[in-house]
Amino acid sequence: MSTTRLVLHSHRMLRRYPVRGVLAASGSLLGIGALTLVLSIGGAALAQVSRTVNQLFGGSAIAITTGGTSFLGGPRPNSARLTMDDIATVAAEVPGVVMWDAQQTLPSATVRYGNAVTTARVTGQTERAREVWNRDVTQGDYFDAQAVATADRVALVGETAAKTLFGGVDPLGAEILVEAVPFTVIGVLERFGTDIHGMDRDNELIVPVTTLQRRVMNVDTVVQAKLLVGDPAAVTATSEDVVRALRARHGIPPNRPSDFSVMTADDVKQMVGIVERIIDVYAPLVALVFVVVAALVAMVLMLTLVRQRTSEIGVRRAVGAQSAQIAVQFAVETAATVAAGGLAGVLAGNAIGIVVAARFNLENGFSWSAALTGVAVSIVMGVAAGLLPARRAAGLHPVDALR
């Protein structure tokens, strides 16, 4: 029997047993779909983390956080007191610090404009935040040092907050209420996207830090600060000087832990490296478990099909079909079924990845590497799953098969 006739006969047999074919294909669809989804979303998430770290941290930054070790939007304890004077004094005392900014944050504030209401994050910063945090405005102007000194009620709005509050209306000059305090919008922030905590940083307002402290929150503390070092090679040494200066200012004895935490770009890269290893190694391993289970299910189903088709195999052997031809037929049937399900899984996994990426403001969830990996794994899985059924079918003796 020619190869073409073998393939055509295999196709007819697959149509003859549609239920088992669909079950075998669905297993590989789920397994390959899970693998593709994990790889595509993992890649998009890593790209987002890297972009956020580079934008917020760079290679010459030192971050100071009050209390514990949370950073960039996470919860922080309130036991420590970090002030603007602390940061200004340390920046002046420690050589190598060329610029700094301090932040106070209201994680969830009610913001109103007319009848429109939204809940947004409000961050208080100094006029140096534009350079320190590498985020400018696309419309209007950034507030200046005078606005910070006099606690002016001016605000910069992110794209998400602006769209919710103003729709298609120009927000510049509009008066909004943050909690019960009126602010005038003077600028629209550059698009940021989500940060490493998954927060939409475009659903944010930035106001002078003194205004947030005195007029909204009634506090005199800040939650974090960022120092820029002139020489990137001196970041580690400078961070050690910052720790010593701040501990001395807070009067912390040598045997007591600090009431603040200091983090450098190298520390962040180590944290990102841990996340990368989890996504690159452990997440695909979990998905591969589904792939292996799907292959075993397909193998069992095809072995059952071999037993059901024993008489057919006996007739074909009796009229001259060789065992190798029988083996090729069942191998083709199994591989085609599993590979078809795998290809469908690649399409489904990437489609879901695109939707999930859009939902969490990540980059496009489609990944060629994930798609090609899914295709390759589905083909290998199909061939592997077809070996045992093919050998079982080829090993049947014609006389025994016809009984």
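Biologist: In the protein chain, what share of the contacts with a separation of 6 or more comes from residues 24 or more positions apart?

Modeller: This is a predicted model: local features need pLDDT of at least 70, side-chain atom pairs pLDDT 80 or more, while totals for chains, interfaces and linings use all residues. Numbering runs from 1 along each chain as its sequence is written, and side-chain values use heavy atoms, without hydrogens and water. Counting contacts (heavy atoms within 4.5 Å) with a separation of 6 or more, the share from residues 24 or more positions apart is 77%.

Biologist: How much of the protein chain is buried?

Modeller: The chain has 403 residues. Those that count as buried (under 20% relative accessible area; exposed is over 50%, partly exposed in between; 1.4 Å probe, protein chains only) make up 48%.

Biologist: Which residue forms an aromatic pair with Tyr113?

Modeller: The structure holds two aromatic pairs (ring centres within 6.5 Å; planes under 30 degrees apart are stacked, over 60 edge-to-face, the rest tilted; Trp by its six-membered ring). The one with Tyr113 is tilted, at 4.6 Å centre to centre and 55 degrees between the planes. Tyr113 sits in strand β2 (residues 97-113), and its partner lies 53 residues away in helix α6 (residues 159-166). That partner is Phe166.

Biologist: Is Phe166 buried or exposed?

Modeller: Tyr113, at 28% relative accessibility, is partly exposed. Phe166 has a relative accessible area of 6%, so Phe166 is buried.

Biologist: Why does the pair of Tyr142 and Phe143 count as tilted?

Modeller: Tyr142 and Phe143 are both buried. Their ring centres lie 5.0 Å apart. The pair is tilted because the planes stand at 45 degrees.

Conventions: Helix = DSSP H or I, 4+ residues; strand = E, 2+ residues; numbered from the N terminus.
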